[in-house]
Amino acid sequence: MSTRTSAALTETDCSALQLLARGKVRDIYAVPGHDDALLFVATDRVSAFDVIMKNGIPNKGKLLTSLSLFFFNYLATHPDTKHIPNHVITSDLDRMPQLVHQYRDQLEGRSIWVRKATILPVEAIVRGYITGSAWSEYQKSGTMHGIKLPEGMKESTRFDPPLFTPSTKAEVGDKDINIHPDDREPLGAVAKYLPDPSLAEPIKQYALALYSTAAAHSLSRGLILADTKFEFGLFPPSTPGGNPTLALVDECLTPDSSRFWRETEWAEGNKMVGFDKQFLREWLKSGGGGWGKKGGGIGEDPVEIPQDIVEATWAKYSEAYEQLTGQKFVA
């Protein structure tokens, strides 16, 4: 499906709702009279190197929403992960508050009505293979997130078991910072960022279980889940004096938050190409749009993405969607 069929929605305008935040991709709204829920809207914005580009990728937000919902449902019904709550209430606009309906032209297919949660300031990253920034760090220091790794590893080597390598969750425009462990198990370091240090262990166990379940599904569809990041939040206690509930929130296992590879192309030592924004990143690194004048990262000015890069990126996203879900994406 060509992205030429519609314009990109890079910013929503729902004036009767209360805009709480604009992230790299999502606009988050509160709806008057519904204090226990929020409206998550995935726009077509696209970012690279922590900078949001001037133009987006048409229908990207709808695809991300559909794929997230696929995995939220899959994980919520799988025997190994069904004990892990998530924040999804509904994606059916007709089941959302009446006040939302007037914005159907903006929200249809890209919105999720979710339980309100206190977001924890940690990116729960799980790595099944060494690649990307982890491989760069290893080449320099023999470590990954400060964890000492065996000598002689090759790019794309599989970790057995997968490793939990968390980072801080930065504000838009800032860069996430790797949480360097106090020892091989970085729970002590993670706990410093949490309102309740005892949450560190369940966050790790939840993230590893979610990764393993999703990785097994992906492999059954011919894809390797090289790494991914999850976000968690706390639902308020259901009874007075009770404990909050840890839950999976935000998005789930999309090409924006995960690195997928073709199983048939993988081998230790190979530099793998994923189903993500790599075309965009490579274009920027080559100086596209004047990128790199300020160092190639935070502080760079947003640039206009040319149509061929938009199309190539969309092709990767839609291919991943089709392979993971077994269905063609229809906007």
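The model is predicted, so local features need pLDDT of at least 70 and side-chain atom pairs count only at pLDDT 80 or more, while totals for chains, interfaces and linings use all residues. Residues are numbered from 1 along each chain as its sequence is written, and side-chain values use heavy atoms, with hydrogens and water left out.

**Overall build**

- The protein chain holds seven helices and 16 strands, where helices (H or I, at least four residues) and strands (E, at least two) are DSSP runs numbered from the N terminus.
- Its radius of gyration, taken over C-alpha atoms, is 20 Å, close to the 20 Å that the globule rule gives for 331 residues, so the protein chain is as compact as a globular protein of that length; the rule is 2.2 Å times the number of residues to the power 0.38.
- Along the principal axes, the C-alpha atoms fill a box of roughly 60 × 55 × 40 Å.

**Burial and contacts**

- Of the 331 residues, 51% count as buried, meaning under 20% relative accessible area with a 1.4 Å probe, protein chains only.
- Among contacts (heavy atoms within 4.5 Å) with a separation of 6 or more, 65% join residues 24 or more positions apart.

**Residue S257**

- S257 lies in the loop between β15 (245–249) and β16 (258–262), and it counts as buried at 8% relative accessibility.
- Leaving aside neighbours within four places in sequence, S257 is in contact with D227, T228, K229, E251 and C252.

Conventions
Buried < 20%, exposed > 50% of the residue type's maximum accessible area, 1.4 Å probe, protein only.
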